[in-house]
Amino acid sequence: MQPVGAVVPLKVDIAEKTFRSARGVSITALQDLSFEVRQGEFACLLGPSGCGKTTTLRILLGLDKDFSGSFQLPQGGSNRIAAVFQEPTLLPWRTVEQNVRLALPKSLRAKNLDGLFDTLGLAAMRSLYPAELSLGLARRAALARAFATEPAVLFLDEPFVSLDEQTAERLRHLLLTVWSARPTTALMVTHNLREALMLSDRIIVLAPRPTHVLGVFDVRLPRQHRNSQVMSDLLRSFHHRFPDVT
Amino acid sequence: MTASETDGTRDAPPSMSGRRSLATALAPALTVAVSLLGLCLLWNLAAGVWPSRAFPGPGQVWQVLLREAASGDLLYHLGVTLGRVAAAYIVAMIIGSVIGVLLGSYRRVDRFFNPWVILFLNIPALVVIVLGYIWFGLNEAAAIGAVAVNKIPNVVVTMREGARTLDPSYAEMATVYRFGRLDRIRHILLPQLQPHLAAASRSGIALIWKIVLVVELLGRSNGVGFQIHLYFQLFDVAAILAYTLAFVAVMLVIELLLVQPVERHATRWRRRPA
């Protein structure tokens, strides 16, 4: 295995992405969208709902190949990518543990997952089926699946939507815990500014359709120092720079 | 870091005691037994009211059954027919499922081949059997092939419906995590198709064994169909019924001991109603 330090960033340069509706009307979703995420950095794509964040992520995940432009994924270590979708997308006919192991490459299938399951509080739920889990727990299983693969880059698509604030907050802390254990280049899509300020090193602010980058907001402060006082300061300086973004 | 209290499991599966699970397993079988016994009584009554060689009672049929079983004929012919049913079933399910999933996944292919499916759906079983024997000779392959061809269009239609209900988000997850081809079939495709596979199997087995009998009657020298043809010429209704009921019993045992347990295993992940 190569050292994790190989410095190839996540580089995105999408010239245009157009949807064609059933009636033949074409809608430009993305235009000249370019940004970069450095190696080992946690970045957020922040923008209002329906502004093409998920579209961007689908392109980067290789699920949508109908666009013009290019992107480069981080290399080094494994070249695997991992994703946490808006829905947990666990296979209902496999147990939590089988769901996690199935996502692993053959060479890692037998790997010890005790630590990961313990950290995420899933140790007692390994043999349950997804239908027996609450949404919060299913989301944790989806996180476990993503981190177990030891990816070179991790994509998260609003992984904490439709959870109550308390559960979402705990999941954010859990995400930080597992992420800090093995910092991976990560790109998370969110429309929640507070969440972005709490989690990321860099916030890429998007403008509505056709989506392009409005600006980049770097948060240089280590995460453990981001208490409520610091957070409100961050919020204020963010609003100062991007007065139109809520 | 520990598990939280607020988002615990919704309902942990209750640990079932051995006795209770045994009782719940036996209850359906008991109902079936009582129901069949009632039918036998009704039959006995009717045969008593109208005694005729063309309508023997259950006692007579039982005598013939014992005689045929003792001579070994019954077991031999049942085995031969069962083998043909199994072979035709496997061939029809595999070919039908592959074609059905392809048609369900690709709209254009479906549009082109849909008339073919309708055509084959409406060709009478007898025509396929006769043509099979004429073209390929009076042999085992022609017999099994003819039965399979009769069943394939039904499987295609059911599995095409199943493929249309596939959830693309699972396929996308599999793409992102780079599932291999076999893993995709085993963990993504088949579990989603399971209800449709079960439906196709259920209707398939019943249809197939009826067609196998015709195939045997027309061009084979063994099997339940051949025996029924023989006893038809001898006008031995008791023997005809004995063979028929014996085979129905075999199918019932297969349903209870094979189909239902397999189905229970395949749907173990569904949440039981509380």
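Analyst: Happy to. Let's begin with one pair: B:Asp183 forms a salt bridge with A:Lys106, and their closest N and O atoms are 3.4 Å apart. A salt bridge here is a side-chain nitrogen of Lys or Arg within 4 Å of a carboxyl oxygen of Asp or Glu. Please keep in mind that this is a predicted model, in which local features need pLDDT of at least 70 and side-chain atom pairs count only at pLDDT 80 or more, while totals for chains, interfaces and linings use all residues. Residues are numbered from 1 along each chain as its sequence is written, chains are lettered from A and ligands numbered from 1 in the order in which they are written, and side-chain values use heavy atoms, with hydrogens and water left out.

Across the interface of chain B and chain A, the rule finds three salt bridges. Eight residue pairs between chain B and chain A are in polar contact, both residues being at pLDDT 80 or more; a polar contact is a pair of N or O atoms within 3.5 Å, where within protein one must be able to donate a hydrogen and the other to accept it, and residues adjacent in sequence count only if both atoms are side-chain atoms. On the side of chain B that touches chain A, helix H7 (168–176) and helix H8 (181–219) of chain B are the elements that give two or more residues. Helices (H or I, at least four residues) and strands (E, at least two) are DSSP runs, numbered from the N terminus. By class, this side of chain B has eleven nonpolar, nine polar and nine charged residues, where Ala, Val, Leu, Ile, Met, Phe, Trp, Tyr, Cys and Pro count as nonpolar, Asp, Glu, Lys and Arg as charged, and the others, Gly among them, as polar.

In contact terms (heavy atoms within 4.5 Å), 29 residues of chain B meet 41 residues of chain A. The area buried between chain B and chain A is about 3100 Å², and carbon and sulfur atoms give 60% of that; buried area is the accessible area (1.4 Å probe) that two parts lose on being put together, summed over both.

Now for the charged pairs elsewhere. Over all chains, the whole structure holds 27 salt bridges. In one of them, A:Arg202 pairs with A:Glu41, with the closest N and O atoms 3.9 Å apart. That pair links distant parts of the chain, 161 residues apart: A:Arg202 is in strand E8 (residues 202–207) of chain A, and A:Glu41 is in the loop between strand E2 (26–37) and strand E3 (42–46). Both A:Arg202 and A:Glu41 are buried, where buried means under 20% relative accessible area, exposed over 50%, and partly exposed in between (1.4 Å probe, protein chains only). A network of salt bridges links A:Arg38, A:Glu41, A:Arg202, A:Asp218 and A:Arg220.

In chain B, the side chains of B:Glu140 and B:Arg84 meet in a salt bridge at 2.4 Å, N to O. B:Glu140 lies in helix H6 (residues 140–164) and B:Arg84 in helix H3 of chain B, so the pair ties together parts that are 56 residues apart in sequence. B:Glu140 is partly exposed, with a relative accessible area of 31%, whereas B:Arg84 counts as buried at 4% relative accessibility.
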